[in-house]
Amino acid sequence: MIGKYGFARRLEMRTKRVGSNLIKGVLEDMRVTLEEVDRIASLSMLKLDDEKRKMLQQNLSEILEHAERLNELDTDGVEPTTYILQQQNIFREDAVTQQWERKSMLQNAPEQEDGCFVVPKVVE
Amino acid sequence: MALNELTITEAVGLLESGEISAAELVDDCLIRVDAVEPIVNALVTVTYETAAEKAKAIDSRRAKGEKLGRLAGIPGIIKDGICTKGVLSTASSRMLYNYKPVYNATVVDKLEAEDFIMIGKANMDEFAMGSSTETSYFGKTKNPWDPARVPGGSSGGSAASVSADETLFALGSDTGGSIRQPAAFCGVVGMKPTYGTVSRYGLMAFASSLDQIGPVAKNVEDAALIFDVISGHDQKDSTSASMEYPAYGAGMKQDIKGMRVGVPKEYLKQDISGEVRQNLFDVMKRMEDMGAVVEETSLPTFDYALSAYYVIASAEVASNLARFDGIRYGYRTEDYENWKDMYKASRSEGFGDEAKRRIMLGNYVLSSGYYDAYYLKALKARTLIKNDFDQLFGKYDILLSPTTTAEAFKLGEKSRPIDMYVTDLFTVPVNIAGLTAMSIPSGLAESGLPLSVQVIAKAFDENTMLRAAYNLEQALQFDAKPDLG
């Protein structure tokens, strides 16, 4: 489908295929499984109800299918670009240049006591 | 003319000559804000008292003959993802519904050093993720040209407020088009500076390798002035470009005879409306009339920029949003048994759907088993895309394209995430390749909504871009305004 249709139209056609598979009830065709959704939700520290889980499964599957277009590119021997500028290793002297009042650091705390953030018990 | 309708350049002249006062100027803007906000909803916070006080102080200092900053008395609006000391800064998220930073972003300090007057904080898509300002926790912003349509996003409030003459300028942020696309939809000028030229200190991070703060203004000259003020190396941002910064806007009014303009044909092969296509051809002709050499060229990897962007930006935002846990600031759930519950509930209740979607996508592509296939692949694609652009800039001074595939869409129209993402198709490659670009209004569609073109220059070449944009703007004489009654 190269050339005849613009990107947006090809995308629409491709994602319609995924959509119609859902209508047919062929959920196994989805890129992302519900188990994976749960695993990633756990890593992301998110709690999802069943409706959201299914929605995210569909969303992620569609988006990842679109991302797989990148496989059309030959990236053998290509260096990844993590940072677009040429400069590297920006250092400064290990000296205190800015002082903050404890009070201002706690200003937005949901719960504070004795100059500390109050948190639920972490260590059993 | 009501003073809120002035450009910065005009206002500075009238303030310096004493014909108007800062108090009057701020007052007219705030009157306009009160009149149109019920329709537009561009602002999360309006700083009535501090603005009036500051205006009074500036008028008084001017009367005493004190030296004032370049923006003395000029009202401006700051996107809500940019930290303003003591003033609510929410990134339009429930997660930060009550957050008042204890410091200013560097860009705010720089504007204040030039005596600008902040009149409010602009609404946005939550944590800058979106292209329509529909994901804001504080309600959708409407397009001043047609309230049934979106203003674009994520800097929708910034663009709408300038378009509606609530302010003389605004700051937005652009990661994949979030200044340029709303500027295009609202018929104003929006600029994404080269990555590294404007400090990100105090900008709530979305994608750390792509984000840049930039101006939204009524014309190119005003945008250039704001950019000149907010740019510069910043010790507090280790990604800030360490170099000699030129005076931005220098030479902007010189002609563009002989300027080499490339128009990548891949842009024209996309699903764009007939009007957008015709508008681009008109703009190309105007540039030729001014002596530029305009020709069609090719950017083979154009098609891949959007895919690479969604992988990279999501990965980066998943990491950046990990800090929101209800411990030190922001929203905390009331309902928990242990610390893990608290984290999960605070985050799940604090973040909207789009934020969750991107966090999930980001963690997925970074997770073991998928890292190479998606994230690493996208980073390599980024290199290829950057190389493609570098090649073009060996032959051309600037590249030209439409900013968007069509005029502003209707609220609720793009309900599928992918449909929304595609609205950034033309703007995203610029961020991926580390270039600079600006959007200027170039005509009106049949629907009455503005159309815009995008001028792209190579990294750190803002002055060439400004010169092209300024000349084009003068030739186009776009002076249409939305009718808000």
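Modeller: Let's start with a pair of helices in chain B: the axes of helix α10 (residues 305-320) and helix α12 (residues 353-366) come within 7 Å and cross at roughly 105 degrees. Please keep in mind that this is a predicted model, where local features need pLDDT of at least 70, side-chain atom pairs count only at pLDDT 80 or more, and totals for chains, interfaces and linings use all residues. Residues are numbered from 1 along each chain as its sequence is written, chains are lettered from A and ligands numbered from 1 in the order in which they are written, and side-chain values use heavy atoms, with hydrogens and water left out.

Colleague: Why are α10(B) and α12(B) called roughly perpendicular to each other?

Modeller: Angles of 65 to 115 degrees count as roughly perpendicular, under 35 as roughly parallel, over 145 as roughly antiparallel, and the rest as oblique. The angle here is roughly 105 degrees, so α10(B) and α12(B) are roughly perpendicular. Axes are lines fitted to C-alpha atoms, for helices over the stretch in contact, and angles run from 0 to 180 degrees between N-to-C directions.

Colleague: Which residues of α10(B) and α12(B) meet?

Modeller: Contact means heavy atoms within 4.5 Å. On the α10(B) side they include B:Tyr310, B:Val311 and B:Ser314, and on the α12(B) side B:Arg358, B:Ile359 and B:Leu361 are among them.

Colleague: What makes α7(B) and α16(B) roughly antiparallel?

Modeller: Helix α7 (residues 220-230) and helix α16 (residues 462-476) of chain B pack at about 160 degrees, with their axes 9 Å apart. That angle is in the roughly antiparallel class, so the two helices get that name. B:Val220, B:Ala224 and B:Phe227 of α7(B) meet B:Glu462, B:Leu466, B:Ala469, B:Tyr470 and B:Glu473 of α16(B).

Colleague: How do you know that the span of helix α11 of chain B agrees with what it should be?

Modeller: The expected span of a helix is 1.5 Å times one less than its number of residues. For the 12 residues of α11(B), 339-350, that gives 16 Å, and the end C-alpha atoms are 16 Å apart, so the two agree. Helices (H or I, at least four residues) and strands (E, at least two) are DSSP runs, numbered from the N terminus. The cover over the buried residues of α11(B) includes α2 (34-43) of chain A together with α12 of chain B.

Colleague: What does α2 of chain B reach from its first C-alpha to its last?

Modeller: α2(B), residues 22-40, has 19 residues and reaches 25 Å, close to the 27 Å expected. The helix bends by about 35 degrees at B:Asp34, and a proline, B:Pro38, follows within four residues. The bend at a residue is the angle between axes fitted to the seven residues ending there and the seven starting there. Just after α2(B), B:Asn41 takes a positive phi of about 50 degrees.

Colleague: Why is B:Ala122 called buried?

Modeller: Buried means under 20% relative accessible area, exposed over 50%, and partly exposed in between (1.4 Å probe, protein chains only). B:Ala122 has 0%, so it is buried. This residue sits in strand β3 of chain B, and, leaving aside neighbours within four places in sequence, its contacts include B:Leu43, B:Ile78 and B:Gly157.

Colleague: What makes strand β6 of chain B largely enclosed?

Modeller: 6 of the 6 residues of β6(B), 212-217, are buried, so the rest of the structure largely encloses this strand. Strand β4 (residues 169-174) of chain B runs antiparallel to β6(B), joined by 6 bridges; B:Ser173 has B:Ile213 as its bridge partner. Strand β5 (residues 189-192) of chain B is also antiparallel to β6(B), with 2 bridges, and B:Gly190 stands opposite B:Val216. Two strands pair if DSSP finds at least two bridges between them.

Colleague: Why is one side of β1 and of β8 in chain B left without a neighbour in the sheet?

Modeller: The open sheet has 11 strands in the order β1-β3-β2-β4-β6-β5-β10-β11-β9-β7-β8 (chain B), with mixed pairing. β1 and β8 (293-297) stand at the edges, each with a single partner strand, so one side of each has no neighbour there. The twist averages 25 degrees from one strand to the next. α2(B) packs on this sheet, touching β1, β2 and β3 of chain B, and its direction makes about 20 degrees with that of β3(B).
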